[in-house]
Amino acid sequence: MLWGGYRVFRWIRPNRSMKRRAVWNRNRMAITREGIVYVAIMSVMFLGAIIGRTNMLMFVFAMMIGPWVLNGWIAFSMVRRLRANRILPHRVMAGDLASVEIEVSNRKWWLSSWLLTARDQVAHVREHFQVATLFVRVPAGQSRRSDYFVRLSQRGEYVFGPLELTTLFPLGLIERGLVFNDFATLIVHPRVGRMTSRWRSDLWNATELSEQR
């Protein structure tokens with residue numbers, strides 16, 4: 001009850017420092033398909049122990065709920081105090097394969113983060129897709145970089161963001177995520193062509209038809 005009251009108070013009166021930090025999206029917490037099956041088995045064990053008044057089933061239920069709670073706590077600890085930055089290329093042509101780097105910094109002083117998936121959104125007027133890259137381990141107090149390759153087929157402006165870090169570590173029953181309001185814009189230049197010898201004759205014909213250069 002005290003923790004719930006504290007969260008409600010922080011939601012009603014957010015301070016200015018919270019706007020500059022990463023936004024923790026609690027709604028992003030999701031139960032995987034394996035986690036749903038695990039919860040269903042736990043529910044059957046609990047109902048069987050209550051209806052049949054069997055201590056053995058209640059004991060099995062207690063043994064199963066331990067890893068469930070431990071998985072949620074460890075997954076929450078994996079994404080705490082993390083920072084993610086995106087590094088875009090300086091120049092990209094339409095149709096070229098562009099490399100985008102993601103840097104993840106672990107600001108925890110003793111706990112490493114394992115199996116982090118960085119998901120990025122890429123939006124254009126004509127297309128929208130999602131890309132991802134995996135970080136196997138980010139040691140405490142250090143940073144790691146990984147990159148993903150994307151082929152931008154359209155010219156114009158591409159908007160990257162938001163950036164999201166998720167983890168299923170260690171058992172894969174619960175997915176916890178951390179969302180960063182990090183948006184960036186990349187201008188994709190037109191496709192580079194190759195001029196042939198015909199352009200000289202075309203230029204000569206064009207100058208004959210026009211009075212000014």
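Leaving aside its neighbours within four places in sequence, which residues is Phe 160 in contact with? The legends below describe close-up views of a predicted model, beginning with the surroundings of this residue.

**View 1. Phe 160 and the largest nonpolar core.** Apart from neighbours within four places in sequence, Phe 160 is in contact with Arg 86, Leu 88, Val 100, Asp 120, Gln 121, Val 122, Tyr 148, Asp 182, Phe 183, Ala 184 and Leu 186. The largest nonpolar core has 27 residues, of which Val 104, Leu 152 and Phe 160 touch the most other members. Two or more residues of this core come from each of the strands β2, β4 (97–106), β5, β6 (128–138), β7 (143–151), β8, β9 and β10 (184–189). Another core, of seven residues, lies apart from it and includes Phe 61, Met 64, Trp 68 and Leu 173. In soluble globular proteins, nonpolar side chains tend to be buried together.

**View 2. The salt bridge between Arg 145 and Glu 101.** Arg 145 forms a salt bridge with Glu 101, and the closest N and O atoms of the pair are 3.2 Å apart. Because Arg 145 belongs to strand β7 and Glu 101 to strand β4, the pair ties together parts that are 44 residues apart in sequence. Arg 145 is exposed, with a relative accessible area of 54%, whereas Glu 101, at 28% relative accessibility, counts as partly exposed.

View 3. A salt bridge joins Arg 119 to Glu 175, with the closest N and O atoms 3.6 Å apart. Since Arg 119 lies in strand β5 and Glu 175 in strand β9, the pair ties together parts that are 56 residues apart in sequence. Arg 119 is partly exposed, with a relative accessible area of 21%, while Glu 175 counts as buried at 13% relative accessibility. The side chain of Arg 119 also makes a polar contact with the side chain of Thr 166 (2.6 Å). Thr 166 is placed in strand β8 and, at 1% relative accessibility, counts as buried.

View 4. The bond joining Gly 161 and Pro 162 is cis, with omega about 0°, and Pro 162 lies in strand β8 (residues 156–167). The peptide bond from Phe 169 to Pro 170 is also cis, with omega near 5°, but Pro 170 is found in the loop between β8 and β9 (174–180).

View 5. Arg 81 is a residue other than glycine with a positive phi, near 55°, and is located in the loop between α4 (55–78) and β2 (82–87). Leu 115, in strand β5 (residues 113–123), likewise has a positive phi, near 50°. Arg 81 is partly exposed, with a relative accessible area of 44%, and Leu 115 counts as partly exposed at 40% relative accessibility.

Key:
Residues are numbered from 1 along each chain as its sequence is written. This is a predicted model: local features need pLDDT of at least 70, side-chain atom pairs count only at pLDDT 80 or more; totals for chains, interfaces and linings use all residues. Side-chain values use heavy atoms; hydrogens and water are left out. Helices (H or I, at least four residues) and strands (E, at least two) are DSSP runs, numbered from the N terminus. Buried means under 20% relative accessible area, exposed over 50%, partly exposed in between (1.4 Å probe, protein chains only). A nonpolar core is a set of buried Ala, Val, Leu, Ile, Met, Phe, Trp, Tyr and Cys residues joined through side-chain atoms within 4.5 Å. Contact means heavy atoms within 4.5 Å. A polar contact is a pair of N or O atoms within 3.5 Å; within protein, one must be able to donate a hydrogen and the other to accept it, and residues adjacent in sequence count only if both atoms are side-chain atoms. A salt bridge is a side-chain nitrogen of Lys or Arg within 4 Å of a carboxyl oxygen of Asp or Glu.
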